[in-house]
Amino acid sequence: MPKLTLHPSGQVLEINENLNVLDRLREEEIYVRSSCGGTGSCSDCMIKVLSGDDNLSAPPFEEIQLLGNVFHLTKERLACQLKISGDVTVDISHHNIETDQERREKKNKEFIKSKIKVKKKAQVDAEYVEREKEREERMKERDEWKGHWKKSPANRDDPMNPKRLGGGKRPKLFKSVEREELDKKDDDSEK
Ligand code: FES
């Protein structure tokens, strides 16, 4: 069975050819960062290959999309996409659970500080009053518009009663083309 040697610990693991490196490390409870769960979309599980380049599986499309086709320069592979068919040594020294935990906590604190703003009661009350005022204005406007044709006199020529909202006319009811055709038919049949 192929052997996977871990740097810097020097630990040697036997690995099935059909199992990817990330899953094998997880079996041994060895920490490797991962936020996509091994689907090849976060690139967190990146490891460095120190030896055994010829024994690596070809990178799948997802991996090339994330890391590019530059393995010969960087020697970096995604642990979740990598399978091996012979002895390989990889460097996992930058996967450190403590520093990752610290970084995550720091990030969370910064996020909470930056996003959550606690409003003072006076501010909330003032906003409430403001909103109530706006709501009342809206209701007033709506009442003015409601049944406006009833409020407007029919006599448009009267200078004392100028045209009001909507021209003082009752709005026409909506008529579809089909409806008009039906009406026409009714009229014709009555004749
Ligand atoms: S775990 Fe996310 S890319 Fe490997």
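Because the model is predicted, local features need pLDDT of at least 70 and side-chain atom pairs count only at pLDDT 80 or more, while totals for chains, interfaces and linings use all residues. Residues are numbered from 1 along each chain as its sequence is written, and side-chain values use heavy atoms, with hydrogens and water left out.

The chain holds seven helices and five strands, taken as DSSP runs numbered from the N terminus (helices: H or I, at least four residues; strands: E, at least two). Going along the sequence, they come in the pattern β-β-α-β-α-α-β-β-α-α-α-α.

Now for the sheet. The five strands line up as an open sheet in the order β2-β1-β5-β3-β4, and the pairing is mixed; two strands pair if DSSP finds at least two bridges between them. β2 (12-14) and β4 (76-78) sit at the edges with a single partner strand each, so one side of each has no neighbour in the sheet. Further in, β3 (residues 46-51) and β5 (residues 88-91) run antiparallel and share three bridges. Here Lys-48 stands opposite Asp-91 in β5.

As for the chain as a whole, 22% of its 191 residues count as buried, meaning under 20% relative accessible area with a 1.4 Å probe, protein chains only. Its accessible surface (Shrake-Rupley method, 1.4 Å probe) comes to about 14,900 Å², with 51% belonging to carbon and sulfur atoms. Among contacts (heavy atoms within 4.5 Å) with a separation of 6 or more, 56% link residues 24 or more positions apart.

Notes. Buried means under 20% relative accessible area, exposed over 50%, partly exposed in between (1.4 Å probe, protein chains only).
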